[in-house]
Structure formats: C-alpha cells, structure tokens
Amino acid sequence: DEAILLDEHKLIRGCLEGDRQSFEKIVEKYRDSLYWTAYNLVLDSEDARDVTQQASLKIWRSLPEYDFARSFPGWAHKIAANCAIDLLRSRRESEPLVDDVPAEHSTLDQRIDVRKIFSRIAPLLPQRQPIVLVLREIHGMEIAEISDLLQCTESTVRNLLSQAKDS
C-alpha cells in the first residue's frame, strides 16, 4: 500500500514538473473509476464521458493545489463529482430516466435502484448531498473518509446522507 502511495506521489510530482506522460499514467489509472463516479450522478454514458474528460482537465490544472497528506483518489473523485453536479445544475430541468447500464454492471438491482433514484433527485439536491450519497453508497467510502474529503464534520456527512436518502 505504501509502495503504491509512493508511486502515486512520484507521478503527481512528475506532473507538477510538466511531465505529460506521468499525467497520462494517472488518467489511465483513474479513468474508469472517475467515469463511474460521473455516471452514478449523471446517469448517461455520453455525459459521463464528457464529465470524466472535464474532470481530468480540472485535475491537471488543480494539481499545484493538491495536498499530499490527503487521498489522491478521493480528491480526484470529488472533482469528478463536482463536474457532474455542475452539468446537472446547468440543465435546470430533469431529463427522462435513462437505463443504459452496461451489462457487466447491471448484476446488482440495488445499483440500478440507486441510479434510478439519482436520475430523479440529483438535479434537485443541494450540491453536497449527491456527492455524499455516491461516495458512501456506490463507492463504499467510510463516513470519516468522506468528512475529510469534503472538509466537514462526520455529523454533517451523516446529516447530508440522511437528507439525500429522505429526498
């Protein structure tokens, strides 16, 4: 685990020195998980690809502000979630439910149910509620990890999670 972290930090430092190959390796490593973070919020494969690309660009531009003491994957997924939420907000009206879940990811009815819920409520929720819901229910992150990522208390995360589920 520590070796992976050191390699990751080496790649990030390479990016900060302008090494595009280091960034390509980071993108390759996280592309799929960033895509699924985006997809779980926007519920459309084309939009999720656009969001993933936008998030990758934001990650590149924001690397100088990255805090090495924090989780890089968590930081990157937060950027992807924020890009997805920005897209949803820009639409102003809910889109029809889209059921284009790839077969290899459709085995869990719960995942599909969560996606259906997101498609109906994500545009209506305050910004942090869908982020908390995706990070907890889809990515299985712990409350403490989410609170660190969002820089808020664990109680706030629990409240946001509860409010999002109640919606």
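Because the model is predicted, local features were considered only at pLDDT of at least 70 and side-chain atom pairs only at pLDDT 80 or more, whereas totals for chains, interfaces and linings use all residues. Residues are numbered from 1 along each chain as its sequence is written, and side-chain values use heavy atoms, with hydrogens and water left out.

The secondary structure consists of eight helices and zero strands, where helices (H or I, at least four residues) and strands (E, at least two) are DSSP runs numbered from the N terminus. Of the 167 residues, 43% count as buried; buried means under 20% relative accessible area, exposed over 50%, and partly exposed in between, with a 1.4 Å probe and protein chains only. Contact is defined as heavy atoms within 4.5 Å. Among contacts between residues at least 6 apart in sequence, 64% join residues at least 24 apart.

In soluble globular proteins, nonpolar side chains tend to be buried together. A nonpolar core is a set of buried Ala, Val, Leu, Ile, Met, Phe, Trp, Tyr and Cys residues joined through side-chain atoms within 4.5 Å. In this model the largest such core has 45 residues, and those with the most contacts inside it are Ile26, Ile59, Leu63, Phe72, Trp75, Val132 and Ile146. Two or more residues are given to this core by each of α1 (2-16), α2 (20-42), α3 (45-62), α4, α6 (128-138), α7 (143-150) and α8 (154-166).

Phe72 lies in helix α4 and is buried, with a relative accessible area of 1%. Beyond residues up to four places away in sequence, Phe72 touches Glu8, Ile12, Ile26, Tyr30, Ile59, Leu63 and Tyr66. The C-alpha atoms of Phe72 and Ile12 are separated by 9.2 Å, although these residues are 60 residues apart along the chain.

The structure holds nine aromatic pairs. Rings of Phe, Tyr and Trp (its six-membered ring) pair if their centres lie within 6.5 Å; planes under 30 degrees apart count as stacked, over 60 as edge-to-face and the rest as tilted. Phe72 and Trp75 form a tilted pair, at 5.6 Å centre to centre and with 40 degrees between the planes. Both residues belong to helix α4 (residues 72-91), three residues apart, about one turn of the helix. Trp75 is also buried, at 14% relative accessibility. Tyr30, Tyr66, Phe68, Phe72 and Trp75 form one aromatic cluster. Over the face of Phe68 lies Arg13, at 4.5 Å from the ring centre; a charge sits over a ring if NZ of Lys or CZ of Arg is within 6 Å of the ring centre and within 35 degrees of the ring normal.

Helices α7 and α8 pack at an angle of about 100 degrees, with their axes 8 Å apart. Helix α7 is therefore roughly perpendicular to α8. Axes are lines fitted to C-alpha atoms, for helices over the stretch in contact, and angles run from 0 to 180 degrees between N-to-C directions; those under 35 degrees count as roughly parallel, over 145 as roughly antiparallel, 65 to 115 as roughly perpendicular and the rest as oblique. The contact is made by Ile143, Ala144, Ile146 and Ser147 of α7 and by Glu154, Val157, Arg158 and Leu161 of α8.

Leu43 is placed in the loop between α2 and α3 and has a positive phi of about 60 degrees although it is not a glycine. At 4% relative accessibility, Leu43 is buried.
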